[in-house]
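Dear colleague,

Please find the structure below for your records. My notes on it follow.

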2 protein chains.
Amino acid sequence: MLQDTLSFATPDCSGCPIRHRAVCARCDSDELARLEEIKYYRSFEAGQTVIWSGDRMDFVGSVVSGIATLTQTMEDGRTQMVGLLLPSDFVGRPGRDGAAYDVVATSDLVMCCFRKKPFEQLMETTPHIAQRLLQMTLDELDAAREWMLVLGRKTAREKIASLLAIIGRRDASIQSAPMSGRIVFDLPLTREAMADYLGLTLETVSRQVSALKRDGVIELQGKRHVTVPDFSRLLEEAGDDADGGLLV
Amino acid sequence: MLQDTLSFATPDCSGCPIRHRAVCARCDSDELARLEEIKYYRSFEAGQTVIWSGDRMDFVGSVVSGIATLTQTMEDGRTQMVGLLLPSDFVGRPGRDGAAYDVVATSDLVMCCFRKKPFEQLMETTPHIAQRLLQMTLDELDAAREWMLVLGRKTAREKIASLLAIIGRRDASIQSAPMSGRIVFDLPLTREAMADYLGLTLETVSRQVSALKRDGVIELQGKRHVTVPDFSRLLEEAGDDADGGLLV
DNA sequence: CACGCGCATTGACGCAGATCAACCTGGCCG
DNA sequence: CGGCCAGGTTGATCTGCGTCAATGCGCGTG
């Protein structure tokens, strides 16, 4: 919510919505000014590819609004989503030349970018920026490893529940909603994208979503709008203990 | 190999084998001296738990010799290995209090540790340490995401081949052996540990290893000593294009 | 309105890998 | 030496999910 307002009225770091989590969280006014110089916004349409794996990347940045996915593809076409980019998530690999994955916008998308070279130079002289990026990367690493457990050991039903829990939690925390009880959100992904995230087929996703609906774990309005009447029940279905687990 | 010699004759960073990849790679003599003050070695026996998930961690460090695994466990006992720690790999989460995973030594293990608080202080004032850690964390993130593709989309046979390729490559690069042709190494993992890494059962691992042997992709001397007559053939079996893929 | 198209659902069937179970193999210790 | 036990192999059977295929549903467009 906060994310989607204000951002263009005052397109500078101090007013920038990404400030909540992103690089400039601890910057002083001098550093903000330097960030401001190398900052620009980019917009993408739904379905558009933001970065091809292997591309030279000349920027780093954060998602301001919209959703993008991060995927890997094998030569024979099998694909695995390895990350989901929601508002405030960071994109880019300071110190690296190439992109490692495909980044695709799944909705209309706005990114707040910094030109990479000068950003890296700023990083050299500003310790807390590197530290901030380290913290964010550790978060991503935790999320990736959490997801390895989901992919390697969970059943299809548990996988679906885990995904719904992650999206629901993420959405809820943005809205400062309570972490238990009733939760409502929109699925930002097609059944196929969900399947790619979970290492399943879209048919299995569809079946398991229907099953969770039939069993009262979730309610559906249309295909995408989800109501979770009891969030802790969903966590149980995901195979997590009610409080821990599922970072991001 | 290099790893296992010398390390205790001269227990300072300049002679420390981990210097090849780890934090002190770019330190000047002053910084090395400060690292030296907060450095100590710890030894573990095979099977010993180094860290329990949730433990308060008061150190960060690198593996000097031996092998450890990084695992997550669900309440019902299902476990997923999320990382393999070989010599020179970094352990720890600067800026974080708790451990996120169980770390278990699978062989006798020596770690080179730094006390965490002073290490973090050093990081505050020494930009390139945070940058170095960021690079290492990005490497781990790439590896974790690569592994997500393995877990989510590969068949059992491909999974085994991928694991053998990773271990073989890692082992070979340490010994500066060529990246193609004949490769020889020892499996540092039991069949069960391999299964936990790959999201399979140990029976399936055993069967697929036998199958790869039967098909001439690998040769086995005993249960653990592996010869790969043609590394690029192994990469094919893993579903990778011969040059790219499988970071770490 | 009918048509087409992208997305989703549902059913029938087959198979890769899990499960259960028996047996092997080599190293250690009394 | 023999017995034990952890780790490994192999076989028989079961099942969850993939595969293939038909059908539904909402929406924009001619």
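By class, the surface near DNA strand D comprises four nonpolar, six polar and six charged residues. Here Ala, Val, Leu, Ile, Met, Phe, Trp, Tyr, Cys and Pro count as nonpolar, Asp, Glu, Lys and Arg as charged, and the others, Gly among them, as polar. This is a predicted model: local features need pLDDT of at least 70, side-chain atom pairs count only at pLDDT 80 or more, and totals for chains, interfaces and linings use all residues. Residues are numbered from 1 along each chain as its sequence is written, while chains are lettered from A and ligands numbered from 1 in the order in which they are written.

DNA strand D is surrounded by 16 residues, the closest being Thr155(A), Thr204(A), Thr190(B), Ser206(B) and Ser210(B); a residue is near a strand if its C-beta atom, placed from the backbone, lies within 6 Å of it. Two or more residues each come from α6 (202-214) of chain A and from α5 (191-198) and α6 (202-214) of chain B. The most, six residues, come from α6(B). Helices (H or I, at least four residues) and strands (E, at least two) are DSSP runs, numbered from the N terminus.

In chain B, three strands form an open antiparallel sheet in the order β9-β11-β10, where pairing requires that DSSP find at least two bridges between two strands. Its edge strands, β9 (183-186) and β10 (219-221) of chain B, each pair on one side only. Three bridges join β10(B) to the antiparallel β11 (residues 225-228) of chain B, and Gln221(B) has His225(B) in β11(B) as its bridge partner.
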